[in-house]
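Please look over the sequence and the model shown here before reading on. The briefing takes up salt bridges and then a single helix.

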Amino acid sequence: MPAPLELDDDRLLPVDPASRAIARDLYASVAELPIISPHGHVDPAMLRDDIPFSDPAELFITKDHYVTRLLHAAGVDLATVGAGRTTGADPRAVWRAFAENWHVFAGTASGYWLAHELVTLFGIDVEPSAETADAVYDAIAARLAEPAYRPRALFDQFRIDVLATTDDPMDDLAVHAELAADDSFRGRVLPTFRPDAYLDPAAASFVGNVQRLTAANGTPIDDFRGYLTALEARRAHFIAHGAVSADHGVVEPYTVDLSDDEAASLYRRAVAGDLDAAGAREFRGNMLLRMAGMSARDGLVMTIHPGVHRNHSTATFDRFGPDTGHDIPFTTTYTQNLRPLLEKHGLEKGLQIVLFTVDETVYSREIAPLAGFYPSVFIGVPWWFLDAPDAVLRFRSAVTETAGFYRGSGFIDDTRAFLSIPARHDMARRLDSAFLARLVGEGRVSRAQAERIAVDLVTTVPKKAFKL
């Protein structure tokens, strides 16, 4: 007999009956509230075009590196599951490889989200396995042919109020404009300014990107002031199309305050291809600081996502390309790295910075204390490798005693997997309810306080952090 796939109504809530009862009530008060997703990687063209999803493999597996990385670790070739640059993979074969390895997802955040999606969206009641693979595939494929499973219908079903995408600075944002002008589409889809490849001389595309940027601005590529003006112009373009944030996926949150002449000298060497690694680090650090200055002036919230070694496996990158599961975290520090930026801009009223990390040690040691003093600093919730049940509870314990509940970003799903958005937000709401229930049971917050905080964490808090 196939193993049943079931969801416990009280999943992630405390085990002890008294706390569970409190958590159950808190969760009930937020379970149906709209979703605010101010940072993610969903392609906006999916919502503009509203084309039906092609097959279960594409929907659940091939584009989700959370899934493909674990399959790869279990010995499945990434080509088998259609990852990255793979072409021609048979969707049913991809699904079978996934189903045969369903057990490797037990206890993981990915397994939790996948189970949620299969049960709540598609009514699947048996675990994927070699035995059930084809039947489950066929059941999902049949649903995908229905109008209720097209992207826009699911967007409405998910109760998404705000969805932010991540976009290249030179994007014309025509898709966002079309969605904003479409009276038949409900909700806000906002672009996010992501300038990493225009700020890092070590990026392979840096010179080409800067050439396009400065040419569009009508300034020579070696004119540093023109380069800055061009970046400001693109930020203004994004703001005109509804953007509320600028996202920085840096290797390290290093900042340094350089004079215009010093920065211009590094810039000219960078665009000439004559900047060494030390010089590139100084240029990146100065540009991160200058981005904070721009945010203080134009109001874009600055989010910083450091501490990941991208494309750790050269062989995998060469064969499959980026975003295929081999990005690995390393130690991050903020206190000294960010001090030049905060010395110059940290007390300016227009600046809001959200600090993320995949290094848990930095939550209580650095991020919470910084957010507990600087009005401009907000705590980014668990991201990437940490957006998992136990890690979320560790995060709440690490930051709350120092900074409280109101210095955070609100939950961030940071996902390319559209169907996982409600599963991720539901997980966060359950875990926050569980954490608050413990504080109520311990007499550390009142029941009335907990009821207000539970709602604020999914409404007021993200709206304030992202100026929504």
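Asp 196 and Arg 194 are both buried, a term that stands for under 20% relative accessible area, with exposed meaning over 50% and partly exposed the range in between (1.4 Å probe, protein chains only). Their side chains meet in a salt bridge at 2.5 Å, N to O, a salt bridge being a side-chain nitrogen of Lys or Arg within 4 Å of a carboxyl oxygen of Asp or Glu. This is a predicted model, in which local features need pLDDT of at least 70 and side-chain atom pairs count only at pLDDT 80 or more, whereas totals for chains, interfaces and linings use all residues. Residues are numbered from 1 along each chain as its sequence is written, and side-chain values use heavy atoms, with hydrogens and water left out.

**Salt bridges**

- By the rule given above, the count comes to 37 salt bridges.
- Arg 152 and Asp 182 form a salt bridge through their side chains, at 2.8 Å from N to O, and this pair links distant parts of the chain, 30 residues apart.
- Arg 152 lies in helix H8 (residues 151–157), while Asp 182 lies in the loop between helix H9 (174–181) and strand E3 (188–190); helices (H or I, at least four residues) and strands (E, at least two) are DSSP runs, numbered from the N terminus.
- With a relative accessible area of 15%, Arg 152 is buried, whereas Asp 182, at 23%, counts as partly exposed.
- A salt bridge also joins the side chains of Arg 394 and Glu 360, again at 2.8 Å from N to O, and it links distant parts of the chain, with Arg 394 in helix H18 (residues 389–403) and Glu 360 in the loop between strand E8 (353–355) and helix H17 (361–371).
- Both partners are partly exposed, Arg 394 at 44% relative accessibility and Glu 360 at 28%.
- Arg 92, Arg 96, Asp 134 and Asp 138 are linked in a network of salt bridges.

**Helix H11**

- The buried residues of H11 are Phe 206, Asn 209, Val 210, Leu 213 and Thr 214.
- These residues lie on the same side of H11, because they cover an arc of only 120 degrees around the axis, the arc being that of the directions from the helix axis to the C-beta atoms.
- An α-helix has 3.6 residues a turn, so residues three or four places apart point the same way.
- Among the elements that cover the buried residues of H11 are helix H10 (196–199), helix H12 (224–240), helix H13 (260–271) and helix H14 (277–298).
- H11 is followed by Gly 218, whose phi is positive, near 75 degrees.

Methods. Contact means heavy atoms within 4.5 Å.
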